[in-house]
Amino acid sequence: MTRVKICGITRVEDAQAAIALGVDALGLVFFEKSPRFVSIEQAQQIAAVVPAFTQTVGLFVNASESQVHEVLRQVPLDVLQFHGDETPEFCRLFMRPYIKAVRVASVQDIEAAAATFFDARALLFDAHVEGVYGGTGQVFDWRLLPKNLTQAWVLSGGLYPENVTEAVAKTGAMAVDVSSGVEAAKGIKDAQKMRQFIQGAKCAGTEFTE
Ligand SMILES: O=C(O)c1ccccc1NCC(=O)[C@H](O)[C@H](O)COP(=O)(O)O
């Protein structure tokens, strides 16, 4: 069954709604320029309601080593997600499982990332939008995705309740990640959209009817 990560959670009630709907992972954005940025205090409050069987993922964009350590010291994160121009050496500094985001414009982007970040627990393929690191709501060309990548990967970028079933069916993604597609406003999640998205992702390829 397809795994679902909902990124850019800023409110405890959105985390609780997503958990009740069966989300697999929640993403907290520690990138100050993002409209979905969370402070350490917000992140602690959200992390406190996450059960042991749901993962809490901390997302960073070109953060300093000390910033990541400080967040790790104060917030119980299961996985780190690096969404900027981080080197593999940087990603390995924290002795935590990590996901490396790849902004896909060509097949070469994917091949280079797979060779460079071979120890990432997953590569997250997102849209390439010039000057924006993520959360763009834009789809990339799924035909660029590899057919034979042995490393785990996550499909991201412009996924919505309306296209997630098709996206999983067309790409064979084992996991999907969404932010703006389940929002009522930037940083504010919509419970109905999250429900439709999770259902659409998890029933892809089955005969599920409501
Ligand atoms: O969400 C953000 O504001 C953000 C800012 C900078 C880097 C990454 C960011 N989000 C990363 C995510 O994991 C998103 O879920 C992913 O980019 C897909 O976003 P969307 O197309 O809006 O679903």
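The shell around the ligand holds nine nonpolar, 14 polar and three charged residues. Here Ala, Val, Leu, Ile, Met, Phe, Trp, Tyr, Cys and Pro count as nonpolar; Asp, Glu, Lys and Arg count as charged; the others, Gly among them, count as polar. This is a predicted model: local features need pLDDT of at least 70, side-chain atom pairs count only at pLDDT 80 or more, and totals for chains, interfaces and linings use all residues. Residues are numbered from 1 along each chain as its sequence is written.

Which residues come nearest to the ligand? Of the 26 around it, they are Cys7, Gly134, Gly135, Ser179 and Ser180. A residue is near a molecule if its C-beta atom, placed from the backbone, lies within 6 Å of it. Two strands, β2 (25-29) and β8 (175-178), each give the shell at least two residues.

Now step back. The protein has seven helices and 10 strands. Both are DSSP runs, numbered from the N terminus: helices are H or I with at least four residues, strands E with at least two.

An unreviewed UniProt entry lists residues 4-199 as "domain: N-(5'phosphoribosyl) anthranilate isomerase (PRAI)". Such annotations may be inferred rather than shown by experiment. The span is 30% helix and 22% strand, and its end C-alpha atoms lie 10 Å apart.

Finally, the packing. Of the 210 residues, 43% count as buried, with 20 or more other C-beta atoms within 10 Å of their own, all placed from the backbone. The C-alpha atoms fill a box of roughly 45 × 40 × 30 Å along the principal axes.

Technical notes: A residue is buried if 20 or more other C-beta atoms lie within 10 Å of its own, exposed if 12 or fewer, and partly exposed in between; C-beta atoms are placed from the backbone.
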